[in-house]
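Open the model in your viewer and keep the selection tool at hand.

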Amino acid sequence: MADDEDDYMSDAFLNQIPDVRPGVPMVKSAKEAMRKESLQKEKNIKNRQKSYKEQEQESREAALQNSIGTNNKGFTLLQKMGYKAGQGLGKEGAGRVEPVPLNIKTDRGGIGMEEQKKRKAQEELQNYRKKVQMKQQVEKKSMEDFRVRKRTEREERQTLIDLNKSQRACEQLDTQKGVTVPRDSWYWPEVLKDEEAELEEEDTSDSSEDEDELTPSDKLQFLTSYLRGVHSYCIWCGTAYNDEGDLKSNCPGDTAADHDD
């Protein structure tokens, strides 16, 4: 290599090359643009003419920052009556110390409009609470009615089960004693025989009316009373006792509720 030729790998040659990394000039130009924009905004704010409302607010705030001077006529009259700066109003000095604050009205509503809005809002709130309370009462009543209805259905279903059990027990116990015809048609669960049906046809009107008037609960009461009195039998105990005394001594009672315990 000739002596007059530059060494392209030397540090001296590399330092002479300008920095041409991609993105560097763009970042610098963006920062410069943002700085100019910020300066322009500050300049516009300073040169902008304030509105009358802004000027009024600034003058009011500046005046409120300063206490009343001795050149104020009202303050002079108070001093003549013995008032001193920082002292409360009144003979005992227990009155107001600070001036009455200013409440600047900014809306276009008339005097008393705020009170009317508050009163209307309170009325709407009360009406809403009443509606919520009525809804809760209706839901509570509906739930109670549902529970009562379900309890009634369950009791009626259990009554039919106990009635059917009593009818089958009555038929069995009557048959063991040689009884061939039940005391009443519904005392036994089976369909009436032909000869019993013939006897029933003679007096169908009275018997059908009496049977229709009895509810399953009434039938259960009559039938259990018959079983206890005639056969000394309790359907809830499932036991045929020796006699009436044995029944009263060992049976809890003549209803299903007596046997729940």
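This is a predicted model: local features need pLDDT of at least 70, side-chain atom pairs count only at pLDDT 80 or more; totals for chains, interfaces and linings use all residues.

**Stop 1: the largest pocket**

Select Ser67, Ile68, Val97, Glu98 and Pro99. Among the 20 residues that line the largest pocket, these are the closest to its centre. The space in this pocket comes to about 620 Å³. Now colour helix 3 (52–65) and helix 4 (73–80), the elements that give two or more residues to the lining. Which helix gives the largest share of the lining of the largest pocket? Helix 4 does, with three residues. Colour the lining by class, and 13 residues are nonpolar, five are polar and two are charged.

**Stop 2: the second largest pocket**

Next, select Leu220, Trp236, Thr255, Ala256 and Ala257. They lie nearest the centre of the second largest pocket, which has 15 lining residues and a volume of about 400 Å³. Helix 5 (113–176) and helix 8 each contribute at least two residues to this lining. The largest share, five residues, comes from helix 8. By class, the lining of the second largest pocket holds four nonpolar, eight polar and three charged residues.

**Stop 3: Ser232**

Go to the end of helix 8 (216–230) and select Ser232, in the loop between that helix and strand 1 (233–234). Is Ser232 buried or exposed? Ser232 is buried, because its relative accessible area is 8%, under the 20% cut-off. Then check the backbone: Ser232 has a positive phi of about 50°, although it is not a glycine. Most residues other than glycine have a negative phi.

Methods. Residues are numbered from 1 along each chain as its sequence is written. Side-chain values use heavy atoms; hydrogens and water are left out. Helices (H or I, at least four residues) and strands (E, at least two) are DSSP runs, numbered from the N terminus. Buried means under 20% relative accessible area, exposed over 50%, partly exposed in between (1.4 Å probe, protein chains only). On a 1 Å grid over the protein atoms alone, a cavity is a set of points where a 1.4 Å probe fits but cannot get out, and a pocket is an open set with protein on both sides within 12 Å along at least five of seven lines; lining residues have an atom within 4 Å of a point. Grid points are joined across faces, edges and corners, and a volume is the space filled by probe spheres set on the points. Ala, Val, Leu, Ile, Met, Phe, Trp, Tyr, Cys and Pro count as nonpolar, Asp, Glu, Lys and Arg as charged, and the others, Gly among them, as polar.
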